[in-house]
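Please read them alongside the sequence and the coordinates.

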Amino acid sequence: MKVRESNYELLRIISMFFIVLWHVIMHGEVNLKTSGSVSFFMNCVLLLSIFHVSVFMLITGYYQSKSTFKLKKLLSLIFEIAFYNFVINTFLYLTGLVEYSNVEYLKSILFYNFSSLWYIQCYIIVYMLSPFLNKFISSADRVTLKRLIIVLLLCFSIFPFFSDSLMYDTNGYTVTHYILLYFIGAYVRKYNLNNEFMKNLNKHQKQLIYFNIFLFSFIANVMLYYFAQYLVGLDSNILNSIGSNLINHKYYYSNPLVIIQSVSLFMLFGTFKFTNKFVNYIASLVLGVYIIHETEAVKNSIYIWTGIYDGNDIFGKAIILKVLIVAIIIFVACLLIEIVRRLIFKLVYKIKVVRYIDGKVVNFIDNLMKIN
């Protein structure tokens, strides 16, 4: 069996760690409770790492555009979410670590708070649409596909950014945004841009260009944010409005600078060629990391348990190291939990009746949907 190249698998791992780091800062409200140089540093970390979920969908578009829809893969993801949702909420309910009423507990295990996993929702929808998206991608010529990407960028990124979302209210948390990224990833794969784009340059020259674009888009976003703060402080309603708009868009995944940052990093990793089974194995676990630490009850409590969210206290410089340590602990702990879950599922699947029921369910839904 051919081992998948590990360049984009490594990028998955890096992206997921930055997602965890992002959540520690945002959900722990660290960015709101710092000042001076610490506040500046935290804002830089957030704007540096904001590529994370966009890169995930670029990778999905890159691989899935050449793959077939597998109902079993979709059901496995749904069962994984259901498993964690039930086990985590039941454990917290029985141990009293989180206070639930009986109604709240029932709601929690019945996906009532599934909105906390908003990216998983978008991913599932895009994955279900992938057969239709792939059919268009395979039949479209290069000019048509390029024009579609440009139109999607204009409609869902550039125009909303400059018009304060008057044309279309988007912040990059929508399915339309991830369909755009899916098309970009697919375009890179279909036309072999990792090799063909700037093919007159050697690998190291390409890497330098992609890294500089990534760095420039990050610095531009930081400068734009602080320039926007300056505009908000001026005695002008028009400039105040422009500044407020720019501030609102700084953390939007649909921000054109964030898209440039994400695509340039994606292209940078496309220049790396290596295979490593350990990297690929860890990369296969990282979606579980997202599901575990973003389950609603965990999301609302873990930053209190770890001492990140600490009432109205203002953080000093020590918070920088603490945020990093907490992010590493959450990331590694969730990886270990996901490894245990996989072992449990593997043992359960060895039971003959489980395999029989699984096959019947998949065949029933497959026939019902008429996918094949």
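**Notes on salt bridges, a pocket and a surface patch**

1. Glu196 has a relative accessibility of 41% and therefore counts as partly exposed; buried means under 20% relative accessible area, exposed over 50%, and partly exposed in between (1.4 Å probe, protein chains only). Its salt-bridge partner is Lys199, with the closest N and O atoms 3.6 Å apart. A salt bridge here is a side-chain nitrogen of Lys or Arg within 4 Å of a carboxyl oxygen of Asp or Glu. Lys199 is exposed, at 57% relative accessible area.

2. On the basis of these notes: this is a predicted model, in which local features need pLDDT of at least 70 and side-chain atom pairs count only at pLDDT 80 or more, while totals for chains, interfaces and linings use all residues. Residues are numbered from 1 along each chain as its sequence is written, and side-chain values use heavy atoms, with hydrogens and water left out.

3. The whole structure contains seven salt bridges. One of these joins Glu9 and Arg12, at 3.2 Å from N to O. Both residues lie in helix 1, three residues apart, about one turn of the helix; helices (H or I, at least four residues) are DSSP runs, numbered from the N terminus. Glu9 is buried, with a relative accessible area of 5%, and Arg12 is buried too, with 14%.

4. Arg341 and Glu338 also form a salt bridge, their closest N and O atoms being 2.8 Å apart. The two are three residues apart in helix 15, so about one helical turn separates them. Arg341 counts as buried because its relative accessibility is 7%. Glu338 is buried as well, with a relative accessible area of 0%. The pair belongs to a network of salt bridges that links Glu80, Glu338, Arg341 and Arg342.

5. Where does Arg4 lie? Arg4 is in the segment before helix 1 (7-27). Its relative accessibility is 39%, so Arg4 counts as partly exposed. Arg4 and Arg341 are 337 residues apart along the chain, and 23 Å separates their C-alpha atoms.

6. Helix 15 spans residues 318-349 and includes Val332. Val332 counts as partly exposed because its relative accessibility is 39%. Val332 is part of a nonpolar surface patch of about 620 Å², together with Leu321, Leu324, Ile325, Ile328, Ile329 and Leu336. Patch residues have over 30% relative accessible area and no salt bridge, and nonpolar side chains (Val, Leu, Ile, Met, Phe, Trp, Tyr) are joined within 5 Å. Areas come from the Shrake-Rupley method with a 1.4 Å probe.

7. The second largest pocket holds about 560 Å³ of space. A pocket is an open set of points on a 1 Å grid where a 1.4 Å probe fits, with protein on both sides within 12 Å along at least five of seven lines; lining residues have an atom within 4 Å of a point. The volume is the space filled by probe spheres set on the points.

8. Which residues lie nearest the centre of the second largest pocket? They are Ile149, Leu153, Ile184, Leu193 and Val263, out of 20 lining residues. By class, the lining has 16 nonpolar, two polar and two charged residues. Helix 7 (142-163), helix 8 (175-190), helix 10 (203-232) and helix 12 (256-270) each supply at least two lining residues. Helix 7 gives the most, with seven.

Methods
Ala, Val, Leu, Ile, Met, Phe, Trp, Tyr, Cys and Pro count as nonpolar, Asp, Glu, Lys and Arg as charged, and the others, Gly among them, as polar. Patches are made of residues with over 30% relative accessible area and no salt bridge: like charges are joined within 9 Å, nonpolar side chains (Val, Leu, Ile, Met, Phe, Trp, Tyr) within 5 Å.
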